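Here are a few notes to keep beside you as you look at this structure for the first time. Take them in order, with the viewer open.

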Amino acid sequence: MIVFAGLSNQIVKNIITRPRPTPHLVPASGFSFPSGHAMVSVLLYGSLIIILHRHLKSNWQRRVASCLLLGLIILIPISRVYVNVHYQSDIVAGMAIAYTKLYISQQLFFNNKGVPDDSLK
């Protein structure tokens, strides 16, 4: 899913061709819209939340893990605006695209009861 997201991110970036804000606090190249960091943080840490919810037995472990990973999902995109390599709309778009892909992958790989779908084997 992350490879597919990376490819689709580059396609959208090359279609929109929005320049990055200046000046940057960190080196950044390429186009700004949508944010690849925002997209990858939602996909990676969101996937970990889904997987951990299915494998951790304790509710408090699920909550702690979810809070920590959700913190990364929030802080990474905010940091991209802070260092002035993305506009806020880049972040929102990257996160929205990633959430959509995360939802679709969850529906494809897990049945309604939250267990892996055996029909994919």
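1. Let's begin with Arg80, an arginine that is buried in this predicted model. Its relative accessible area is 13%, and buried here means under 20%, so Arg80 falls on the buried side of that cut-off. You will find Arg80 in helix H3, which covers residues 59-82.

2. Which residues does Arg80 touch, once neighbours within four places in sequence are left aside? The contacts are Arg20, His37, Val85, His86 and Ile91. Take Arg20 from that list: Arg20 and Arg80 are 60 residues apart along the chain, and their C-alpha atoms are separated by 11 Å.

3. Now step back to the whole chain. The protein chain has four helices and zero strands, which gives the pattern α-α-α-α when read along the sequence. Its C-alpha atoms fill a box of roughly 45 × 30 × 20 Å along the principal axes.

4. A word on the inside and the surface. Of the 121 residues in the protein chain, 32% are buried. The chain exposes about 7800 Å², and carbon and sulfur atoms supply 69% of that area. If you look at contacts between residues at least 6 apart in sequence, 64% of them join residues at least 24 apart.

5. How many salt bridges does a search of the whole structure find? The search gives one, and the partners are Asp90 and Arg18, with their closest N and O atoms 2.9 Å apart. The pair links distant parts of the chain: Asp90 sits in helix H4 (residues 88-109), while Arg18 is in the loop between helix H1 (2-16) and helix H2 (36-55), 72 residues away.

6. Two packed helices are described by the distance between their axes and the angle between them. For H2 and H4, the axes come within 8 Å and cross at roughly 35°, and the crossing is right-handed. On the H2 side, the contact includes Ala38, Met39, Val42 and Leu43; on the H4 side, the residues include Ile91, Gly94, Met95 and Ile97. Ile91 is also one of the residues in contact with Arg80. Taken together, the residues of the contact of H2 with H4 divide into 11 nonpolar, four polar and two charged.

Notes: Residues are numbered from 1 along each chain as its sequence is written. This is a predicted model: local features need pLDDT of at least 70, side-chain atom pairs count only at pLDDT 80 or more; totals for chains, interfaces and linings use all residues. Side-chain values use heavy atoms; hydrogens and water are left out. Helices (H or I, at least four residues) and strands (E, at least two) are DSSP runs, numbered from the N terminus. Buried means under 20% relative accessible area, exposed over 50%, partly exposed in between (1.4 Å probe, protein chains only). Contact means heavy atoms within 4.5 Å. Accessible areas come from the Shrake-Rupley method with a 1.4 Å probe; for residues, only the protein chains shown count as cover. A salt bridge is a side-chain nitrogen of Lys or Arg within 4 Å of a carboxyl oxygen of Asp or Glu. Axes are lines fitted to C-alpha atoms, for helices over the stretch in contact, and angles run from 0 to 180 degrees between N-to-C directions. A crossing is left-handed if the near helix is turned anticlockwise from the far one by less than a right angle, and right-handed if clockwise. Ala, Val, Leu, Ile, Met, Phe, Trp, Tyr, Cys and Pro count as nonpolar, Asp, Glu, Lys and Arg as charged, and the others, Gly among them, as polar.
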